[in-house]
Amino acid sequence: MPESSPTAAVLTDGAPLEVRLDETDIRLIEALFAPLRAWTSPRFYGLDNIPADGPVLLVGNHNLMGGIDAPLLMPEVLRRRGRLIRGLAENVLIAVPGLRHFLHYYGAVRGNRNNCMALLARGEAVIVFPGGGREAVRRKNEKYLLKWEGRTGFARMAIEAGAPIVPVAMIGVDDAFDIVFDGDHPVMRPLRWTVEALGLKRDLTPPLLRGVGPTLIPRPERFYFSAGAPIDPAPWRDADDLDTAAADLRDVVRKALEEELKFLFAERDRDSGRTLVGRVRGLLPF
């Protein structure tokens, strides 16, 4: 049974259990990310696979640096499925007072087990990225690579909460930037020292990126999103060994997410509007 109940659940950091956004709130978040949406012209596939109600765990892949593409998914799901995605934010983001208030207002909470289980117990849609910060802080040879080694927490929570898992693939960001030097490069040693001084693991040292020319402006690559068929955790619920069951379910979800990524790669490769030049050319009458 879930560890938390809708009546007894309490979220950390003063985050509200219930978040309701009105039309003004939705328009504000859409306006905030309108430049990014216009620049990347995103396409969405399979959003009907997200259940209209009841608890669900959306399991996604982190792209380079994380957090750039996911904000485009939330208003799209809210408009098309009527569901607010509750995000699990990194501790470093929740630690910033003003940013914490903004994240709480739009449904995000600190990323920990208690908060996730409490939200699932309330029948919420929660998105998790099992690869965490290390998956987002990529090395040069890790483009669109899932870093899920040892990560079974999300699968265990889905089994305990009885929440279906929907794999959500996202691509585009890794094509919009080049890694000049990754966090392991000798040139990045001073930054690694800074990361460690902040109490973070050195493998979370961010890379030096290049987008348009030498700038940090992302190249106008199209972003693509795809939600796969829900995976019911019920077959794993009565397993004698929950650790083994969680690892097995994780592997099933990983394979499903990799299939969604392959689908998006194929869509991207056949899309004449993948780049801004291609999209502009498609608007021309000749």
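Strand S9 (residues 224–227) is covered on both faces. Tyr-224 and Ser-226 are buried on one side, and Phe-225 and Ala-227 are buried on the other. Buried means under 20% relative accessible area, exposed over 50%, and partly exposed in between (1.4 Å probe, protein chains only). Strands (E, at least two residues) and helices (H or I, at least four) are DSSP runs, numbered from the N terminus.

This is a predicted model, in which local features need pLDDT of at least 70 and side-chain atom pairs count only at pLDDT 80 or more, while totals for chains, interfaces and linings use all residues. Residues are numbered from 1 along each chain as its sequence is written, and side-chain values use heavy atoms, with hydrogens and water left out.

**Strand pairing**

Two strands pair if DSSP finds at least two bridges between them. S9 runs parallel to strand S1 (residues 43–45) and antiparallel to strand S6 (residues 165–171). Tyr-224 is the bridge partner of Arg-43. Tyr-224 is also the bridge partner of Ile-171.

Strand S2 (residues 56–60) has five of its five residues buried. Val-56, Leu-58 and Gly-60 point one way, and Leu-57 and Val-59 point the other way. In a regular strand the side chains alternate between the two faces of the sheet. S2 runs parallel to strand S5 (residues 125–128). S2 also pairs with S6 in the parallel sense.

| Strands | Sense | Bridges | Residue pair |
|---|---|---|---|
| S1 and S9 | parallel | three bridges | Arg-43 and Tyr-224 |
| S6 and S9 | antiparallel | four bridges | Ile-171 and Tyr-224 |

**Annotated span**

An unreviewed UniProt entry places the feature "domain: Phospholipid/glycerol acyltransferase" at residues 56–173. UniProt annotations may be inferred rather than shown by experiment. The end C-alpha atoms of this span lie 25 Å apart. The span is 42% helix and 19% strand.

**Second largest pocket**

A pocket is an open set of points on a 1 Å grid over the protein atoms alone, where a 1.4 Å probe fits, with protein on both sides within 12 Å along at least five of seven lines; lining residues have an atom within 4 Å of a point. The second largest pocket has a volume of about 220 Å³. Volume here is the space filled by probe spheres set on the points. The lining includes Glu-18, Arg-20, Arg-122 and Glu-124. Val-19, Leu-21, Ile-26, Leu-78, Leu-84 and Gly-123 also line the pocket. By class, the lining has five nonpolar, one polar and four charged residues. Ala, Val, Leu, Ile, Met, Phe, Trp, Tyr, Cys and Pro count as nonpolar, Asp, Glu, Lys and Arg as charged, and the others, Gly among them, as polar.
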